[in-house]
Amino acid sequence: MTNCISRKVILVPGCLLCPIYQVGYNESKLNWRKEILDYLCMSGVSLVQMPCPEVMFKTYDVGLSRKPHGVRYYEKLPGFKDHCKVLAHGVAKQIEALQRNGYVIEAILGIENSPTCAVNKIFTYGIGTEKRSGLFISELNNYLMESGFVIPIIGITRQKKNQKKEIAQIMELIEGL
Ligand code: SF4
């Protein structure tokens with residue numbers, strides 16, 4: 001049985017569904033996801049997991065054991081920008097196919113402050129907060145603009161105190177509230 005909700009899709013960052021992708025994963029890194037995941041699962045919308053560019057760079061072993069690094073590091077890391085470009089292209093193609101087949105992409109979620117998946121801001125030690133996207137989201141945004149897709153990209157934070165606003169934004173898109 002289909003209804004209008006079941007044709008709705010949200011693309012989510014790799015670590016929302018798979019928290020072990022976060023750098024230096026430990027139990028405390030589970031907590032931030034709960035409210036957003038609860039809401040998304042209850043909403044009935046389909047979730048498409050985007051790749052985690054950091055964990056997929058070079059080998060999976062290297063990615064899983066990587067150390068925390070800022071955006072300057074990733075910008076200079078040979079091959080990383082191209083890697084993000086290739087992954088972003090793959091996601092853009094998925095979006096195209098979903099839309100061709102009658103599915104509605106309601107939103108893409110990124111993770112604020114991530115050098116790779118941030119949407120609006122990245123915190124860097126010694127520099128502070130910069131208003132910019134991460135390397136993967138920025139490439140994805142370029143592909144979407146080139147293809148003429150207008151899809152909201154919402155940055156979610158890993159701090160529960162900010163999430164009410166972010167959930168309200170997602171809710172507005174899914175349910176028109
Ligand atoms: S924010 Fe992006 S790069 Fe970082 S762990 Fe999550 S999916 Fe991977």
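1. Of the 13 residues around the ligand, those that come nearest are G14, C15, C52, S114 and C117, where a residue is near a molecule if its C-beta atom, placed from the backbone, lies within 6 Å of it. The shell around the ligand divides into 8 nonpolar, 4 polar and 1 charged residues; here Ala, Val, Leu, Ile, Met, Phe, Trp, Tyr, Cys and Pro count as nonpolar, Asp, Glu, Lys and Arg as charged, and the others, Gly among them, as polar.

2. Please keep in mind that this is a predicted model, in which local features need pLDDT of at least 70 and side-chain atom pairs count only at pLDDT 80 or more, while totals for chains, interfaces and linings use all residues. Residues are numbered from 1 along each chain as its sequence is written.

3. Helix α5 (residues 80-100) packs against helix α6 (residues 135-147) at an angle of about 45°, and their axes are 8 Å apart. Helices (H or I, at least four residues) and strands (E, at least two) are DSSP runs, numbered from the N terminus, and axes are lines fitted to C-alpha atoms, for helices over the stretch in contact, with angles running from 0 to 180 degrees between N-to-C directions. The helices α5 and α6 are therefore oblique to each other, given that angles under 35 degrees count as roughly parallel, over 145 as roughly antiparallel, 65 to 115 as roughly perpendicular and the rest as oblique.

4. On the α5 side, the residues that meet α6 include F80, C84, L87 and V91, and their partners in α6 include L135, F136, L140 and Y143; two residues are in contact if their C-beta atoms, placed from the backbone, lie within 7 Å. The residues of this contact between α5 and α6 divide into 11 nonpolar, 2 polar and 4 charged.

5. Two residues deserve a look at their backbone: K58 has a positive phi of about 65° although it is not a glycine, and N113, also not a glycine, has a positive phi of about 75°. A residue is buried if 20 or more other C-beta atoms lie within 10 Å of its own, exposed if 12 or fewer, and partly exposed in between.

6. Finally, R66 is in the loop between α3 and α4 (71-76), and is partly exposed, with 14 other C-beta atoms within 10 Å. Leaving aside neighbours within four places in sequence, R66 is in contact with V23 and E54.
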